[in-house]
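Please look through the sequence and the model shown below before reading on.

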Amino acid sequence: TGLITLDDGYVNTGSTKSSVTFLDGEKGILRYRGYPVEKLAESCDFIEVAYLLIYGELPSEDQLARFRLKLRRHTMLHEDMRLFYDGFPRDAHPMAILSSVVGALSTFYQDSLDPHDKAQVDESVLRLLAKLPTIAAFAYKKSIGQPFVYPRNDLTYCENFLQMMFSVPTEPYEIDPDFVEALNLLLIVHADHEQNCSTSTVRMVGSSNANLFASISAGISALWGPLHGGANEACVAMLEQIRKDGGNVKKYVDMAKDKSSSFRLMGFGHRVYKNFDPRATIIRASCEKLLKKRSIDDPIFDIAQQLQEVALNDEYFIERKLYPNVDFYSGVIYRAIGIPVQMFTVLFAIGRLPGWLAHWREMHESPTKKICRPRQIYVGSTEREFVPLEKR
Ligand code: CMC
């Protein structure tokens with residue numbers, strides 16, 4: 001083991017070369033394929049950004065139109081997939097449903113599982129992008145006992161998702177353009193973040209030549225954890241708890257500093273960003289804009305701002321360079337749109353999907369691709385004498 005270097009949590013280990021996303025944690029820079037995320041968030045539609053991440057270039061008008069057309073062909077789920085939803089308990093977490101149903105896509109599309117067949121991979125990429133919002137919205141409808149609402153191909157990606165989530169057959173449903181704008185922005189800022197936990201998972205699973213559906217299903221499971229994508233749900237739960245507790249933010253900041261407790265400020269800190277998280281800056285501005293425009297007075301937003309203020313002036317957080325991350329304000333926007341807390345991480349998954357797809361493809365296109373197989377430093381017993389069962 002002399003040659004093996006230990007790097008717990010891969011803090012300093014580059015697992016791959018990549019040309020998808022550039023991130024500078026000291027300067028707070030995030031670029032997809034060279035384009036600053038701020039610029040993309042203010043100018044693009046999520047599908048345009050998905051195209052950029054997956055294929056490497058911004059699409060021309062014609063390319064984008066063809067891409068949208070292809071996606072539209074795949075928005076519905078196979079009718080037999082509806083039966084899956086009958087088997088889940090009503091209170092199933094939608095992330096569990098998402099990973100299961102995405103994994104199950106590999107049973108419905110058995111003729112497109114070869115990771116080395118370009119045409120098959122292209123088809124699977126389209127299927128995943130087009131179907132994930134449908135799978136997610138069905139999970140929500142199941143949880144509230146309403147009938148599933150089918151996708152509508154005359155709508156944009158975000159419009160369609162909102163109508164599948166919120167429309168009911170008995171009432172006319174009007175899509176709110178402010179909500180569409182906010183959702184589009186949120187999906188864009190979540191779209192990629194280089195070798196984070198879920199993306200590394202997608203690459204690792206894919207490195208064994210597992211099919212794309214299986215790899216993405218694994219990525220969804222990794223994203224679910226509260227230290228990763230699940231932090232948005234945990235953050236709103238925390239803000240809600242502080243509100244119920246009389247809004248005493250200082251108490252929670254002190255608790256987060258206390259090493260004898262496992263409590264952490266959710267939505268704070270990042271492995272790579274050490275000055276600010278550019279995504280949090282974009283989301284906070286969008287949050288302010290949406291709440292103001294719609295005259296929404298959300299006490300959770302006030303608490304978030306107070307918490308940020310106290311934490312950012314506290315020695316503990318300053319020393320450790322802990323700043324609000326992408327998950328700190330996203331939940332406030334989701335609430336304003338009417339998205340229930342359990343669906344927050346699902347929204348993160350829909351946003352992150354193009355990044356996962358881009359990385360999976362990049363890995364398979366690399367001439368130096370190898371199966372991921374880290375080593376270890378063994379710290380267990382040396383050889384021991386075996387003791388038969390009756391003598392133990
Ligand atoms: N509250 C209190 N203390 C913290 C926090 C926090 N949110 N985050 C880090 N610390 C402390 C930590 O206890 C440690 O202190 P010490 O040096 O005294 O032992 C120090 O800061 C460094 O933390 P770490 O856990 O070694 O850092 P990491 O790079 O391994 O973890 C993190 C990064 C994001 C998992 C962590 O900051 C965290 O748990 N944050 C809360 C959960 C969260 O918001 N996650 C979302 C991340 S962004 C979106 C995404 O990736 O999905």
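Helices (H or I, at least four residues) and strands (E, at least two) are DSSP runs, numbered from the N terminus. Residues are numbered from 1 along each chain as its sequence is written. Because this is a predicted model, local features need pLDDT of at least 70 and side-chain atom pairs count only at pLDDT 80 or more, while totals for chains, interfaces and linings use all residues.

**Annotated positions**

The UniProt annotation "active site", which comes from an unreviewed entry, covers H270 and D327. These two are spread over 58 residues of sequence, yet they cluster in space, with a largest C-alpha distance of 10.5 Å. UniProt positions are given in the numbering used here, with shortened feature names, and such annotations may be inferred rather than shown by experiment.

D327 has its place in helix α16 (residues 326-337), whereas H270 is found in the loop between α12 (249-257) and α13 (278-293). A residue is called buried if 20 or more other C-beta atoms lie within 10 Å of its own, exposed if 12 or fewer do, and partly exposed in between, the C-beta atoms being placed from the backbone. H270 counts as buried because it has 20 C-beta neighbours inside 10 Å, and D327 is buried too, with 29 other C-beta atoms within 10 Å.

Two residues are in contact if their C-beta atoms, placed from the backbone, lie within 7 Å. Not counting residues up to four places away in sequence, H270 touches D277 and N325, and on the same terms D327 touches A231, N232, C235 and G267.

**Around the ligand**

A residue is near a molecule or strand if its C-beta atom, placed from the backbone, lies within 6 Å of it. There are 20 residues surrounding the ligand, and the closest are A231, R264, F268, G269 and R271. This shell divides into 8 nonpolar, 8 polar and 4 charged residues, where Ala, Val, Leu, Ile, Met, Phe, Trp, Tyr, Cys and Pro count as nonpolar, Asp, Glu, Lys and Arg as charged, and the others, Gly among them, as polar.

**Two further residues**

Y273 is found in the loop between α12 and α13, and it is buried, with 25 other C-beta atoms within 10 Å. Leaving aside neighbours within four places in sequence, Y273 is in contact with G25, G28, Y323 and N325. M238, which is found in helix α11 (residues 231-244), is buried with 24 other C-beta atoms within 10 Å.

Helix α6 bends by about 40 degrees at K131, and a proline, P133, follows within four residues, while α17 has a kink of about 45 degrees at R352, shortly before the proline P354. Because 19 of its 27 residues are buried, α6 is largely enclosed by the rest of the structure. In α17, 19 of the 22 residues are buried, so α17 is likewise largely enclosed by the rest of the structure. Just after α6, G145 takes a positive phi of about 75 degrees.

Notes: The bend at a residue is the angle between axes fitted to the seven residues ending there and the seven starting there.
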